[in-house]
Amino acid sequence: MTVILSAPAILAAQDLKISGMVESKEDGALTGAVVVLSSLPDSTMTGFAITDGDGHFIIDQLDQGDYTLKVSFVGFEEFISPIRLGNDSHTIKIKLVPYVKELSRIVVESTAPNSIISGDTTAYYASGFRVNPDATAEELLAKLPVAVSTPDGLKVEGEDVQKVLVDGTEFFSNDPNIALKNLPAGIIEKIEIFDQLSEESQFTGFDDGETLKTVNIVTKVEARHGTFGKLYGAYGTDSRFSAGGNINFFNGESRWTILGLSNNINQQNFSTEDLSGILSGSTRGGGGKSGRNRGQSSMGGSRFSAGGSINNFLTGNQSGISEVNSSGVNYNDQWGDKWKVNGSYFFNSSENINEEILSQQFFRQGEFLQQYEENSTTKTDNLNHRFNANLIYDLNNNNIITLRPAFSLQKTYIQRQLSAVNITNENELANESITTEISDVFSYNLSTQIFWRHRFQKGKSLTTHFNTTVNETLSDNVINAETTSEMNDPDFTNQVRSNENAIVTLNGGAVFSNQIGANSQLMVNYNFALNEDNIDNQANSLSETNLPDTTLSAKLNYGVFTQTFGVGYQMRKKEGLTAMARLNYQFAKSANEIAFPEYQVANNLGYALLPGAVIKYSFNQDNNITVHYRTAVNQPTASQLQPAVDNSNTLQLTTGNPNLTRNYSHSLVARYSNTNISDRPTSFFGMLYVNHINDYIANSSYTVLSDTTLENGLFLSRGTQINSPVNLDGYLNIRSLGNYSVPMNFLGSKLNIHAAINFSKIPGLVNGIQNNARMTDITQGFALASNISPQIDFTLSYAFNYNIIQNDIQQDQDQNYKVHDLGLKFNWISDKGFVLRNETILKRYDGFTQDLDPNMALWNISVGKKLFKNDPAELAIKVYDLLNQNQQITRNLTETYVEDLQTNVLQQYYMVSLTYKI
């Protein structure tokens, strides 16, 4: 503990800034002047800016200290001036002097480099990356050397993008992908990538280690006033259609964005919040619920098709085939000098048909082995409304109040048909079932966050926050099932199940920070949280009494109250070392009151020490390394504690465990980046992530080896499973990533080389015996992205993935398989306006059984023509899955089984489309 408390830690930049105006005597304000700020005495570049249309610039998040400010512009002498920052920000007005000699106008000092590192932020200038005129912000971002395209979407510096800002302001705050998919690349001046600090850290300057991977899209000056967007419509074979668009009204700080789409080709809504009802419909009973996404490799599919894991929802893809109608509006503005306002509303209506073929091979010790086969069809109708706002009131220089209300409403209707069998290792039928289920789900979520920030004199500040959330879900289910086995007569299940789940959360706290000298800061924090989770789950048999079934019903009230006290210290050395260390003490009191079927109460007290640290070292302006260490305590949920049995799949039952306890998580993240901004810019990024969990909430799977009647009267035929959560030690997840980018000037392209090694160990219980399932995933590949001209844009990529699956108790089920993924994306726009867009993906798999062939060649192509003056419109013919080979297969690893999941996807169709840019 002494080591942790004395460890160095990062001191985040104070809230100081240097701003000003650059002008000349004759021409007035100068647009595009390059402003560079360097710290003394080592002349390390600290900040970078380019003046806007009015000649203004700003460099913020600065510390107290001595700096040198340099300003350059073509045809003018360079301006150099020392600046000292004390307790206040600095404003300066600069008048540049023209060169005496006309020839000096060819100097290159004012040419902005492709990328600039300023503190924790790396800025990439759009002018250094050439994309087609029709490209989106997402396509421009994919060109950056730190961006890697994966089956789960675009990752930046090894992480999912969690927030997207436009000119520093939230844009559809819950949906980072909306800005990336809808803003045109042509309006972007630069893209900034950084880890956004928490609310408290941004104000106090104390880096608490809680960050979000954030992309800030800085628009060109001329794009901040005007109207732009696009409209599109398409129709094709099999009655496939697509229509929609976006329009943006930008007038400085006042900005409106309106979005809309309607289609049946799986162009879906972008937010996970729209999927709570959908997820309820797509889960299956038994191992499927607990096992999905523990470790997996996705086989097949493309960004044009559906399919894949739940992770794909983050990029807008939902398994199956969907018809979607969505619309949204976003508003940003500055009301006077005091108010800054941001708000958005989103509506989504979708109809999804999801067909699955599932095969699960269970780990077993002993002679009895079992394979589970399932075919299911699920139809889901989902309706969702979502609203959120961010209101910031700048009362004065020392007080800021922030209010964040949010509301969502969702209604989901689900119909599911399922047939399933359990087969023994002797290829005998253990049992089988046919199930029909209809569910009607209604849910809402209401939350409010309030922040008050106050700055005292002499480097002291106080931040307080309060948050309240109310979430309620009401569902009604009708289940009809017939279960048969060789040894018994058919067993019929006819029941109605109603479920009410209400969650109320209150939390708040305060953070006080105090500047200690010029290079140190002390922080003291207090937080409290009260969480009430109530479940009323009743299952009634249609053929018997109307009383709730005591085996399938439960009613409980689960509450957790936590208090956290903490202290932290951070410092910053001029030699490039910054560091932070903190220690929290958490007290938690929980009460689980089960009112039905049998009254019982369990009270628990818990104490935990939660250390954390951040260390950052900058070797120079191009090289830095950052290490984050975090700890956390996670409580079980009420659904994991409730004792009722879920029999929606009569062959794979699930139940909770009232004896679950909280788990304790350690995580370590280390990042290293090297960016060379010379004439031949190169970059290297490396990341290591380690997560270890004590008392991990794992899955316990028990298969009855013969017909059994439990003490509660529940009959289980041979081969039936019961799955429940259990606390186990031994969970470990390690992820590593390296990415190197280098220009290939002779090809007019940039080469990205990447490699990754991921390892996961997941503990579980199989018939009472602990099994550790391990998966090692080794990936390496490259992407050659063109930078030739706006008319030619191509990306050639290859990735090789080697997977090793192992377990403790049944080593003959260990397996290795390889995945080869070759892709070519090519877009060409001729001088006469003809357009060719092509995407080809070749996938090959080695190591699978002969009856499973996921190999495929996906080919999507379109040919079009630009229309009218300045090419605002494009008429095109598009072919999706030209070779008609598209399919989606996913291999998942859990602690109790390995499964292969096949899902229906869109296949070959043709469309005629018209797109018009506003």
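In which sense do β28 and strand β29 pair, and over how many bridges? The two strands pair in the antiparallel sense, over 22 bridges. Strand β29 covers residues 520–541. The model is predicted, and the pairing is read from its coordinates.

Confidence comes next. The protein chain has a mean pLDDT of 81. A pLDDT of 70 or more is reached by 86% of its residues. Over residues 1–13 the pLDDT is below 50. That stretch still has 51 contacts in the model beyond near neighbours in sequence. Residues 270–316 also have pLDDT below 50. Here the model shows 171 contacts beyond near neighbours in sequence.

The protein chain contains seven helices and 52 strands. Of its 918 residues, 52% count as buried. Among contacts with a separation of 6 or more, 67% join residues 24 or more positions apart. The accessible surface comes to about 39900 Å². Carbon and sulfur atoms account for 55% of that surface.

Strand β27 (residues 460–485) pairs with β28 (residues 488–516) in the antiparallel sense, over 25 bridges. The two form a hairpin with two residues between them. Within this pairing, Asn480 stands opposite Asn494 in β28. The hairpin of β28 and β29 has three residues between the strands. In this hairpin, Gly517 takes a positive phi near 70 degrees. Gln515 has Gln521, in β29, as its bridge partner.

A nonpolar surface patch involves these strands. Three strands, β28, β29 and β30 (554–572), each supply at least two of the patch residues. Val524 is found in strand β29. Its relative accessibility is 41%, so Val524 counts as partly exposed. In a regular strand, side chains alternate between the two faces of the sheet.

Asn624 lies in strand β33 (residues 623–634). Is Asn624 buried or exposed? Asn624 is buried, because its relative accessible area of 12% falls under the 20% cut-off.

Several loops carry backbone features. A cis peptide bond joins Phe596 and Pro597, with omega about 10 degrees. Pro597 is found in the loop between β31 (577–596) and β32 (600–620). Ser239 is not a glycine, although its phi is positive at about 60 degrees. Ser239 lies in the loop between β18 (225–236) and β19 (241–251). With a relative accessible area of 44%, Ser239 is partly exposed. Asp871 is not a glycine either and has a positive phi of about 55 degrees. The loop between β48 (856–867) and β49 (873–880) holds Asp871. At 36% relative accessibility, Asp871 counts as partly exposed.

Side chains of opposite charge can pair when their charged atoms come close. The model has 17 salt bridges. One of them joins Glu192 and Lys190, with the closest N and O atoms 3.4 Å apart. Glu192 counts as buried at 17% relative accessibility. Lys190 is buried too, with a relative accessible area of 9%.

Asp440 and Lys411 meet in a salt bridge at 3.4 Å, N to O. Asp440 lies in strand β26 (residues 429–455) and Lys411 in strand β25 (residues 399–424), so the pair ties together parts that are 29 residues apart in sequence. Asp440 is partly exposed at 31% relative accessibility. Lys411, at 44%, also counts as partly exposed.

Glu874 forms a salt bridge with Arg837, the closest N and O atoms being 2.8 Å apart. Which parts does this pair tie together? Glu874 lies in strand β49 and Arg837 in strand β47 (residues 834–846), so the link spans parts that are 37 residues apart in sequence. Glu874 is buried, with a relative accessible area of 10%. Both residues belong to a network of salt bridges that links Asp134, Arg837, Lys866, Glu874 and Lys917.

Conventions: Residues are numbered from 1 along each chain as its sequence is written. This is a predicted model: local features need pLDDT of at least 70, side-chain atom pairs count only at pLDDT 80 or more; totals for chains, interfaces and linings use all residues. Side-chain values use heavy atoms; hydrogens and water are left out. pLDDT is the predictor's confidence in each residue, from 0 to 100. Contact means heavy atoms within 4.5 Å. Two strands pair if DSSP finds at least two bridges between them. Helices (H or I, at least four residues) and strands (E, at least two) are DSSP runs, numbered from the N terminus. Buried means under 20% relative accessible area, exposed over 50%, partly exposed in between (1.4 Å probe, protein chains only). Accessible areas come from the Shrake-Rupley method with a 1.4 Å probe; for residues, only the protein chains shown count as cover. A salt bridge is a side-chain nitrogen of Lys or Arg within 4 Å of a carboxyl oxygen of Asp or Glu.
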